[in-house]
Number of protein chains: 2
Amino acid sequence: MKKIAIDAMGGDYAPQSIVEGVNQALNDFSDVEVILYGDEAKIKQYLKATERVRIVHTDEKINSDDEPTKAIRKKKNASMVLAAKAVKTGEADAILSAGNTGALLAAGFFIVGRIKNIDRPGLMSTLPTTDGKGFDMLDLGANAENTAHHLHQYAILGSFYAENVRGVKQPRVGLLNNGTESSKGDSLRKEVYDLLVSDASLNFIGNVEARDLMDHVADVVVADGFTGNAVLKAMEGTAMGIMSQLKKSILDNGWKAKLGAVLLKDSLKSLKSSLNYSEVGGAVLFGVQAPVVKTHGASDAKAVYSTIRQIRTMLETDVVGKAVQEFSGEVK
Amino acid sequence: MKKIAIDAMGGDYAPQSIVEGVNQALNDFSDVEVILYGDEAKIKQYLKATERVRIVHTDEKINSDDEPTKAIRKKKNASMVLAAKAVKTGEADAILSAGNTGALLAAGFFIVGRIKNIDRPGLMSTLPTTDGKGFDMLDLGANAENTAHHLHQYAILGSFYAENVRGVKQPRVGLLNNGTESSKGDSLRKEVYDLLVSDASLNFIGNVEARDLMDHVADVVVADGFTGNAVLKAMEGTAMGIMSQLKKSILDNGWKAKLGAVLLKDSLKSLKSSLNYSEVGGAVLFGVQAPVVKTHGASDAKAVYSTIRQIRTMLETDVVGKAVQEFSGEVK
């Protein structure tokens with residue numbers, strides 16, 4: 001049985017979308033058990049599942065504007081903190097939250113705990129490509145500063161994830177850089193390049209540019225947390241900007257454009273869904289001792305469901321256990 | 001008279017699109033004079049203008065795959081090198097090229113020369129926003145590594161440009177960071193933040209995130225060259241990816257979608273043009289002693305024309321002269 005501790009109170013549509021996602025997941029996955037942390041009365045309003053689920057009541061919760069590390073320390077009974085503690089004590093195998101990202105990272109770091117020999121767990125997501133296959137990128141911002149050693153570990157972790165969880169054979173690892181030639185980049189990138197090229201366990205394909213990410217130029221893309229965060233947000237911002245621009249230009253161009261938009265409805269829908277991060281699950285804090293997964297704050301039930309499915313696969317393939325094994329013997 | 005030295009042989013559609021852009025510019029701007037560097041016979045095929053234009057013939061040119069600094073040194077008679085030398089000697093006031101970006105940066109750096117007290121000129125472009133007004137961002141990749149001092153200078157240069165060339169009063173300067181709070185970022189960003197906040201000559205509005213750039217969150221966005229390059233390429237790649245995805249989903253969704261696309265033609269066109277970098281001109285290597293402007297390799301005549309118009313405004317407002325003045329007394 002796979003036991004998932006879920007922060008029922010995090011996110012814009014909590015607890016409704018969280019609980020509805022849980023209902024569906026428990027219905028589909030008979031090997032999943034859920035512990036919901038949060039306001040019992042509110043959770044019960046939406047909870048339909050009766051088996052393999054229990055509620056641990058708490059009044060306290062972490063807000064989206066709470067200072068992460070402080071919140072984790074002070075709000076000892078917050079739903080997110082209790083869920084993380086359940087993982088720490090072995091009562092649960094993984095944690096899911098749609099709440100304050102910084103606080104979840106801090107909970108992963110300080111409560112769940114790092115894997116031995118991994119200094120800086122990284123935030124990883126599967127991001128969309130135009131061929132629908134996606135790529136994994138990390139660090140997306142768990143850290144503001146990284147060393148070459150961290151980025152080497154991200155390459156290994158990302159490969160583990162792509163191979164085990166997404167079933168990509170020999171995932172192609174690319175280093176995000178300001179050009180594709182091997183000589184490119186700042187001193188950090190040059191150092192990382194040398195480390196990756198000498199690691200025979202990796203299928204390192206060299207430097208990749210942000211321009212080519214959506215073309216599926218690599219299955220795993222390695223970046224420092226600052227750049228990874230900036231690139232992720234640039235992609236999100238541009239996608240949102242273009243969609244709103246398209247909407248605006250439809251409204252500005254009269255009845256013909258409006259009729260066109262009606263006829264194009266299916267195309268626009270499939271475009272939107274291909275860009276939809278919610279279908280591939282949440283962002284994983286990778287490098288801690290259990291799956292710690294953040295689903296988007298605006299997640300609907302479907303996104304929560306997808307994230308539970310993702311966690312289930314992570315537990316089934318024991319991708320975290322394999323990482324523990326891989327790094328256990330590392331001499332630093 | 002504003003004299004512009006133009007590399008007629010750089011870019012994918014050279015010399016045709018270059019010369020056609022020149023024809024139109026000379027027709028519209030009676031205060032502009034052009035020197036075209038390149039293959040005289042080929043240039044003459046397209047040149048319609050007869051006044052305020054002359055050709056300096058050369059057989060040599062820099063290719064897109066030439067190693068930049070080496071090419072500048074070895075190909076002494078390349079069209080781009082001759083154009084840069086004309087600026088150096090005062091024969092021309094500015095240079096425009098659609099060729100090898102790295103080589104143009106090297107030519108700007110080593111031939112045109114830096115402004116006194118500016119260590120690291122930055123590459124700057126006006127990028128699109130959904131409200132159509134745009135923002136200036138630098139450094140977009142002239143440097144792989146920058147110090148806080150460089151970024152402070154970029155804030156000043158970017159403000160000068162936005163105010164003088166684009167007519168933005170008291171341009172809002174934002175620091176690209178991984179969060180908006182003042183405490184955010186790596187050590188570089190924290191140092192830059194302190195410098196910008198204490199510079200009363202700037203309208204510094206604090207940290208901005210890549211997600212909000214298209215929403216026109218700032219008029220000038222300051223970044224180190226590595227991050228700026230990654231963000232620019234992420235924006236370009238996402239825009240291209242979405243447009244190709246939209247095309248694909250129209251083709252996949254049958255006659256209704258195709259008819260919808262026909263009706264939406266004007267909307268799609270205006271969307272494309274709002275994302276079109278070519279209408280706002282080229283990328284400026286800012287911090288050298290004259291306007292050195294790179295227009296996109298795939299530039300058509302219209303883009304070349306827009307870039308000439310941009311250079312004309314830069315010369316008219318003497319934005320480079322003002323920067324020389326500003327930094328002349330700086331104690332480092």
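Modeller: pLDDT is the predictor's confidence in each residue, from 0 to 100. In this predicted model, chain A has a mean pLDDT of 93, and 97% of its residues reach 70 or more. The scores are ipTM 0.91 and pTM 0.93.

Colleague: What conventions apply?

Modeller: Residues count from 1 along each chain as written, chains are lettered from A in the order written, and side-chain values use heavy atoms, without hydrogens or water. Local features need pLDDT of at least 70, side-chain atom pairs 80 or more, while totals for chains, interfaces and linings use all residues.

Colleague: By what turn and shift can chain B be laid on chain A?

Modeller: Superposition is by least squares on C-alpha atoms of residues with pLDDT of at least 70 in both copies. Here a turn of 180 degrees and a shift of 0.0 Å along the axis give an RMSD of 0.0 Å. The copies are therefore related as by a two-fold rotation axis. In chain B, the C-alpha of Gly260(B) is nearest that axis, at 1.8 Å.

Colleague: How much area do chain B and chain A bury between them?

Modeller: Buried area is the accessible area (1.4 Å probe) lost when two parts are put together, summed over both. Here that is about 4500 Å², 67% of it on carbon and sulfur atoms. Arg211(B), Phe226(B) and Leu263(B) supply 16% of the area chain B buries against chain A, more than any other three residues.

Colleague: How many salt bridges cross the interface?

Modeller: The rule wants a Lys or Arg side-chain nitrogen within 4 Å of an Asp or Glu carboxyl oxygen. It finds four between chain B and chain A. Arg211(B) has a salt bridge with Glu236(A), with the closest N and O atoms 3.0 Å apart.
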